Amino acid sequence: MNSKIPRLMNDRAGLRGLLRTWLCCAAFYYPFFWISVFLVQAAPALIRVPFRGFHLEFFEISYGGTFARSVPRSALDFQHAH
């Protein structure tokens, strides 16, 4: 078998080219990943706060995305009553 990958890995210029390609792909796709995590994990909870009167219980921004959790106001009243 004649494979180009082992020769490419031994060559410093080839290794730099692979690293540059990987970094370009990561830089291009990371914003799409972050936005998709936001749309799935945080946006529904954040939309419920102004439009349905929910209370924002948890909110986190990290390198992996934005996360939020909201709860109905009646659930908060029940928790504070006891």
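A: Phe58 counts as partly exposed, at 31% relative accessibility. The term covers the range between buried (under 20% relative accessible area) and exposed (over 50%), with a 1.4 Å probe and protein chains only. The model is predicted, so local features need pLDDT of at least 70 and side-chain atom pairs count only at pLDDT 80 or more, whereas totals for chains, interfaces and linings use all residues. Residues are numbered from 1 along each chain as its sequence is written, and side-chain values use heavy atoms, with hydrogens and water left out.

Phe58 belongs to strand β1. Strands and helices are DSSP runs numbered from the N terminus: a strand is E over at least two residues, and a helix is H or I over at least four. Contact here means heavy atoms within 4.5 Å. Apart from neighbours within four places in sequence, Phe58 is in contact with Phe67, Ala68 and Arg69. The C-alpha atom of Phe58 is also separated by 6.9 Å from that of Ser70, which lies 12 residues apart along the chain.

Strand β1 comprises residues 55-62 and pairs with β2 in the antiparallel sense over 7 bridges; two strands pair if DSSP finds at least two bridges between them. Between β1 and β2, which form a hairpin, there are 2 residues. Along this pairing, His55 stands opposite Val71 in β2, and Glu60 faces Phe67 of β2. In a regular strand, side chains alternate between the two faces of the sheet.

The term denotes a side-chain nitrogen of Lys or Arg within 4 Å of a carboxyl oxygen of Asp or Glu. By that rule, the count is 1 salt bridge. The partners are the side chains of Arg69 and Glu57, at 2.9 Å from N to O. This pair links distant parts of the chain, with Arg69 in strand β2 and Glu57 in strand β1, 12 residues apart. Both partners are partly exposed: Arg69 has a relative accessible area of 44%, and Glu57 has one of 38%.

Strand β2, residues 65-71, is mostly covered, with 5 of its 7 residues buried. Thr66 is placed in this strand and is buried, with a relative accessible area of 3%. Leaving out residues up to four places away in sequence, Thr66 touches Trp34, Val37, Phe38, Gln41, Ala42, Phe59, Glu60 and Ile61. Ser36 is a further point of reference: its C-alpha atom is separated by 9.7 Å from that of Thr66, with the two residues 30 apart along the chain. Ser36 lies in helix α2 and counts as partly exposed, at 34% relative accessibility.

Helix α2 covers residues 12-52 and also holds Leu19, which is partly exposed at 49% relative accessibility. Together with Trp22 and Leu23, Leu19 forms a nonpolar surface patch with about 350 Å² of accessible area. Patches are made of residues with over 30% relative accessible area and no salt bridge; nonpolar side chains (Val, Leu, Ile, Met, Phe, Trp, Tyr) are joined within 5 Å, and like charges within 9 Å. Accessible areas come from the Shrake-Rupley method with a 1.4 Å probe, and for residues only the protein chains shown count as cover.

The cysteines complete the local picture. A disulfide is a pair of cysteine sulfur atoms within 2.5 Å, and the count by this rule is 0. Cys24 is in no disulfide, as its nearest cysteine sulfur, that of Cys25, is 7.0 Å away. Cys25 is partly exposed, with a relative accessible area of 38%.

For the chain as a whole, the secondary structure comes to 3 helices and 2 strands, in the order α-α-β-β-α along the sequence. Of its 82 residues, 16% count as buried. Among contacts with a separation of 6 or more, 36% involve residues 24 or more positions apart. The accessible surface of the chain is about 7000 Å², and 67% of it belongs to carbon and sulfur atoms.
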